[in-house]
Amino acid sequence: AERFDRELLRELGKMGVPGKKEGPPRRRQNPPRRPQSPLTPRGPRHVAGRLDPGAPWGEFLLPPDPPGPGPAAKNPLGGPGGSEKGERVLVTGLHACGDLSPALLRHFARSPAVAAVASVACCYMKLSTPPQPPGSPPGYPLSAWVAGLPGHELSYRAREAACHALEEYTGRLGGESGRLRAHCYRAVLETLIRAADPGKKRPGVQTVKKAHALSFPQYARLGLPRVGLDPAALPLDSEAVGAMLEQQHKVVAFFSLTLLLAPLVETLILLDRLLYLREQGFQCALVPLFDPRSSPRNLVLV
């Protein structure tokens with residue numbers, strides 16, 4: 001984040017916006033006259049902290065535990081007055097993962113120090129769902145209305161599917177992209193993992209870069225160690241594996257059907273959050289801020 005801050009300030013310096021400049025200005029013949037900006041760019045102040053969703057709102061953001069080197073971080077909200085200077089604050093969550101998004105919304109709803117919230121969520125599969133331990137409210141559902149809706153429960157698979165980019169995948173299908181191969185690779189790898197260790201459900205195999213450009217044995221040798229399995233102990237080029245790889249069209253068809261339902265699941269999750277805020281008496285809206293082809297998480301709850 002700090003590197004992005006520096007890059008932004010450097011680009012603003014090139015545009016002639018007053019503020020911190022990086023390096024000598026570039027010479028141009030007859031440079032266009034730019035209006036003077038009323039703002040002086042400066043990078044944000046980064047504060048490392050730990051969020052405790054169950055704590056009173058004044059203790060919502062705490063110093064790291066255990067504290068890191070250097071002086072202990074303070075709660076930026078500072079206390080009942082809001083910020084350190086007594087101003088109210090805006091809480092923004094950009095791609096706030098799993099339960100972090102509901103935690104920010106709950107904090108906004110109960111904290112007089114927070115004037116407004118803008119929330120962009122992600123990783124719906126990491127949301128906590130009932131039953132939860134006493135005193136630990138679930139991340140879904142948030143609203144009383146959805147909680148009372150018959151059949152509102154969402155499985156891990158449904159929530160995970162809601163994270164995928166329907167628009168981006170449509171482009172792959174239209175172009176018959178070779179990248180579609182990666183879905184079949186992942187399905188076959190999961191089959192091998194479960195056969196080797198039936199206790200491994202939903203193994204967290206991180207993305208293998210340019211998987212579609214690899215052979216399956218190459219892909220598996222990169223993915224298996226991430227779940228603690230030895231590639232040498234598994235049949236990566238057997239006839240059974242070859243037969244599974246020939247079913248790529250079925251994997252693509254199944255994944256396409258899943259993605260057709262993904263917007264429905266995401267809509268239910270986001271409307272649940274909007275209804276929660278309205279139940280608390282707040283004005284709010286879901287705003288499609290930009291083209292979802294830029295990022296599938298284009299809906300902002302304001």
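Which residues form one aromatic cluster with Y185? In this predicted model, the cluster consists of Y185, F216 and Y219.

## Aromatic cluster

Five aromatic pairs are found in a search of the whole structure. In one of them, the ring centres of Y185 and Y219 lie 5.3 Å apart with the planes at 40°, so the pair is tilted. This pair links distant parts of the chain, joining Y185 of helix α6 to Y219 of helix α7, 34 residues apart. Y185 is buried at a relative accessible area of 7%, and Y219 is buried at 4%.

The rings of F216 and Y219 are also a tilted pair, because their centres are 6.2 Å apart and their planes stand at 40°. F216 and Y219 are three residues apart in helix α7, so about one helical turn separates them. Both residues are buried.

## Nonpolar core

The largest nonpolar core contains 18 residues, and F216 and Y219 are among those with the most contacts inside it, as are L189, I193, A220, L224 and L236. Two or more residues come from each of α6 (181-196) and α7 (216-223). Helix α6 gives the most, with six residues.

Leaving aside residues up to four places away in sequence, Y219 touches Y185, R186, L189, V208, A211 and L214.

## Helix α9

Helix α9 covers residues 248-279; at 1.5 Å a residue its 32 residues should span 46 Å, and the end C-alpha atoms are 46 Å apart, which agrees. The helix has a kink of about 35° at L261, shortly before the proline P263. Just after α9, G281 adopts a positive phi of about 95°.

Note on methods: Residues are numbered from 1 along each chain as its sequence is written. This is a predicted model: local features need pLDDT of at least 70, side-chain atom pairs count only at pLDDT 80 or more; totals for chains, interfaces and linings use all residues. Side-chain values use heavy atoms; hydrogens and water are left out. A nonpolar core is a set of buried Ala, Val, Leu, Ile, Met, Phe, Trp, Tyr and Cys residues joined through side-chain atoms within 4.5 Å. Buried means under 20% relative accessible area, exposed over 50%, partly exposed in between (1.4 Å probe, protein chains only). Helices (H or I, at least four residues) and strands (E, at least two) are DSSP runs, numbered from the N terminus. Contact means heavy atoms within 4.5 Å. The expected span of a helix is 1.5 Å times one less than its number of residues. The bend at a residue is the angle between axes fitted to the seven residues ending there and the seven starting there. Rings of Phe, Tyr and Trp (its six-membered ring) pair if their centres lie within 6.5 Å; planes under 30 degrees apart count as stacked, over 60 as edge-to-face and the rest as tilted.
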